[in-house]
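Hello,

I am passing this structure on to you. Please take a look, then read my notes below.

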Amino acid sequence: MKNLTKSQILGWVLLGLLGLLALAGLRGSLSSDEEAKENFSNLGDTVLLGNFSYKVNNFEIRNSNDMQDRNDLIVSVDVTSKSEKSENVSFEESFVLKIGDKTFEADSTRSTNANAGSNPFRYSQLNPDQIIKGFVVFNISKDQAESESFNLLIKEGSFSSGEATVKLQ
């Protein structure tokens, strides 16, 4: 074997370090995937996210009969939220329906109608241990209603990256 120069040795050392960094990055990526799976819950589970706990009690798909001249279906999700802080905290609506790879925002008018004229999940202040319960309503098509993958994405808030997914079906 021939003798290596200092620059060749340095090159091999740097290559080895880069390989180790790549392995560490891959390992960190796998850990992130595992953490994402841990934040996946089922219908009826209590999910702790930020300052609040959430429980999705039930959901149903039905014909929309609350607005005239509409031929779509609605998904009505029954949610209970509780403040877990020892002080007054801000709360805002933060629910998204996922059907397969498509996302749906809640229909604020229908959500208000489903909650007797008031939407409890709009921006408000909650006191310690205060519980709010209500329905979040989404519009979907008849074709989308036949999907076997319904998930509710709960977001911690507009300016946060915290989120949890609840499998509805």
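Start with K133. K133 is exposed, with a relative accessible area of 52%. This is a predicted model, so please read every value as computed from it.

K133 has a charged partner. Its side chain meets that of D78 in a salt bridge, 2.9 Å from N to O. The pair links distant parts of the chain: K133 lies in strand β9, D78 in strand β4, and 55 residues separate them. D78 is buried, at 12% relative accessible area.

Four strands form an open sheet, in the order β2-β3-β4-β9. The pairing is antiparallel. At the edges are β2 (46-49) and β9 (131-140), and each of these pairs on one side only. From one strand to the next, the twist averages 30°.

Now look at β3 and β4. Strand β3 covers residues 52-63 and strand β4 covers residues 73-83. They run antiparallel, and 11 bridges join them. D78 turns up here again: N58 stands opposite D78 in β4.

How many salt bridges are there by this rule? The count comes to two. Besides K133 with D78, E60 forms a salt bridge with R62. The closest N and O atoms of E60 and R62 are 3.1 Å apart. E60 is partly exposed, with a relative accessible area of 40%. R62 also counts as partly exposed, at 29%.

Best wishes

Note on methods. Residues are numbered from 1 along each chain as its sequence is written. This is a predicted model: local features need pLDDT of at least 70, side-chain atom pairs count only at pLDDT 80 or more; totals for chains, interfaces and linings use all residues. Side-chain values use heavy atoms; hydrogens and water are left out. Two strands pair if DSSP finds at least two bridges between them. Helices (H or I, at least four residues) and strands (E, at least two) are DSSP runs, numbered from the N terminus. Axes are lines fitted to C-alpha atoms, for helices over the stretch in contact, and angles run from 0 to 180 degrees between N-to-C directions. A salt bridge is a side-chain nitrogen of Lys or Arg within 4 Å of a carboxyl oxygen of Asp or Glu. Buried means under 20% relative accessible area, exposed over 50%, partly exposed in between (1.4 Å probe, protein chains only).
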